Amino acid sequence: MFDWLFNGVGWLIAWVYSWSNDYSIAIGAMAVVVMVVITPLTLKSTRGMLEMQRLQPELRRLQIEHRGDRQGMNEAMMKLYQEHKVNPLASCLPLLAQMPVFIIMFRLLTGLTYRPEATAGFQPRHLSESSELYQSLVGQTEMRSIGLDLAVHPIEVMRDDFARGLVYAGLVAGLALLYFVQQRMVASRTVSPTMSPTQQKVLQYLPVAFAVFQVVLPTGLVIYYFVQALVRIGQQAYITKRFYGDDDSIGRQAQQASAKAREISEEDAKKPKKAEKSGQNEQFPSKRVTPSKNKQTPPNRPAAPRGDGPPKRPKPPQR
C-alpha cells in the first residue's frame, strides 16, 4: 500500500550513492535529510513546551484548588490554555513525526540487504534495478564501507570473532555516548516541578539503553543513528542559544516558572502532614479523670445523699 513512499525514499538514497559511491555517505545523508525535515517541528514543539512550563504555577494552583473534582479541573485548565493560546499537544509533534520516519528508514535500510535465503546473495528492495546502488548490492553477501560490513549485526560479529567485533562494539558505544551528551544538554535546561532526581537520572540513561539495543540491528542502522545523533547535538546547541540565550528569554521564564511550581508543590505536600497530626489528636482523646456529671448511678448501689461529708451507714435493728 505504501510502496510508493518506500520507493521514493529508495530513489533518494540511490541518487546520493550515485555521486558518492559510498554506502555510509548515502546512509548518513539520509539521516541529515530527515533531521532537516523534522527540525521545524522540533523548534515549534520546543516553544510549545516552554509556553506550557510558563503556566506550571497556575496549573499547579488549579490542581490544588480542584482536588477531587477532575471535571472542574479539566475545564479550568482548558480555559487557561485558551486564555494564553497554548496548545498542550504541540510538544508531541516531533514524536508523532519520527515514528513513521523510523518505520520507513528501518524497512528501507534492512531492505537493501534482503536475502530470500540465508545462503543467497542480496536482493535489494525499493530500488530501481537500473540504479548504481542496486547493481552494487545485488548478488553480494557484504555491504562494505569505512572498513565495516554494514549488513551484519554487531552482536553476531562479536559472537563469531570477539576481537573483530570490538570495532562494531566501539561504534555502538560511541552512539551511546552521543545519546548521553544529547540528553544531558536537554536535562541541563529543563526543570520539572513534579519529577524527582531519580526520575531525571532514569530519563538521562534511557537513550543509552536504546543505543545498546542497536547491537541486534544491522550496522547500517547504527551508522544512520550515529549521524543523526551528531546532528541532534548541533540542534540542541542551537535551541539553547535561541530560547535560553537572554535573561528575559522564554526559556529562562519557563525555568523560573518551573521552580515556582516546585515550591508550590512542596508547600502543598506539607499541609497534609499538619492535618494528619491534628486528626490523630482528635481521634485519640485523653481519658477523663473525673466522672461525668451526667453519669447514672448503678441500680444496686444506694445513692449518696446530697450535702457535705461522707454518706451515713444504716443503723442495725434493735433487739
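A nonpolar surface patch of about 680 Å² is formed by Met99, Phe102, Ile103, Phe106, Ile155, Phe210, Phe213 and Val216. Patches are built from residues with over 30% relative accessible area and no salt bridge, like charges being joined within 9 Å and nonpolar side chains (Val, Leu, Ile, Met, Phe, Trp, Tyr) within 5 Å. A salt bridge is a side-chain nitrogen of Lys or Arg within 4 Å of a carboxyl oxygen of Asp or Glu. Accessible areas come from the Shrake-Rupley method with a 1.4 Å probe, and for residues only the protein chains shown count as cover. Helix H5 (residues 93-112) gives the most to this nonpolar patch, with four residues. Phe213, one of the patch residues, lies in the loop between helix H9 (197-212) and helix H10 (219-244).

The model is a predicted one, in which local features need pLDDT of at least 70 and side-chain atom pairs count only at pLDDT 80 or more, while totals for chains, interfaces and linings use all residues. Residues are numbered from 1 along each chain as its sequence is written, and side-chain values use heavy atoms, with hydrogens and water left out.

The protein chain contains eleven helices and two strands; these are DSSP runs numbered from the N terminus, helices (H or I) having at least four residues and strands (E) at least two. From the N terminus on, the order of elements is α-α-α-α-α-α-β-β-α-α-α-α-α. Of the 319 residues in the protein chain, 35% count as buried. The protein chain exposes about 21100 Å², of which carbon and sulfur atoms supply 57%. Among contacts (heavy atoms within 4.5 Å) between residues at least 6 apart in sequence, 69% join residues at least 24 apart.

The mean pLDDT, the predictor's confidence in each residue from 0 to 100, is 81 for the protein chain, and 79% of its residues reach 70 or more. Confidence is highest in helix H6 (residues 132-137), at a mean of 95, and lowest in helix H11 (residues 250-283), at 70. Over residues 277-290 the pLDDT is below 50, and this stretch has zero contacts in the model beyond near neighbours in sequence.

The table gives the exposure of selected residues, where buried means under 20% relative accessible area, exposed over 50%, and partly exposed in between (1.4 Å probe, protein chains only).

| Residue | Class | Relative accessible area |
|---|---|---|
| Ser20 | buried | 17% |
| Asn21 | exposed | 51% |
| Glu51 | partly exposed | 21% |
| His126 | buried | 14% |
| Phe213 | partly exposed | 48% |

Ser20 belongs to helix H1 (residues 3-20). Its side chain reaches the backbone oxygen of Val16 at 2.9 Å. Not counting residues up to four places away in sequence, Ser20 touches Ile25 and Ala26. Asn21 is in the loop between H1 and H2 and has a positive phi of about 55°, although it is not a glycine.

His126, located in the loop between H5 and H6, also has a positive phi, near 60°, in a residue other than glycine.

Glu51 is part of helix H2 (residues 23-54). Leaving aside neighbours within four places in sequence, Glu51 is in contact with Lys85, Val86 and Ile250. The C-alpha atoms of Glu51 and Asn87 are separated by 8.8 Å, the two residues being 36 residues apart along the chain.

Key:
A polar contact is a pair of N or O atoms within 3.5 Å; within protein, one must be able to donate a hydrogen and the other to accept it, and residues adjacent in sequence count only if both atoms are side-chain atoms.
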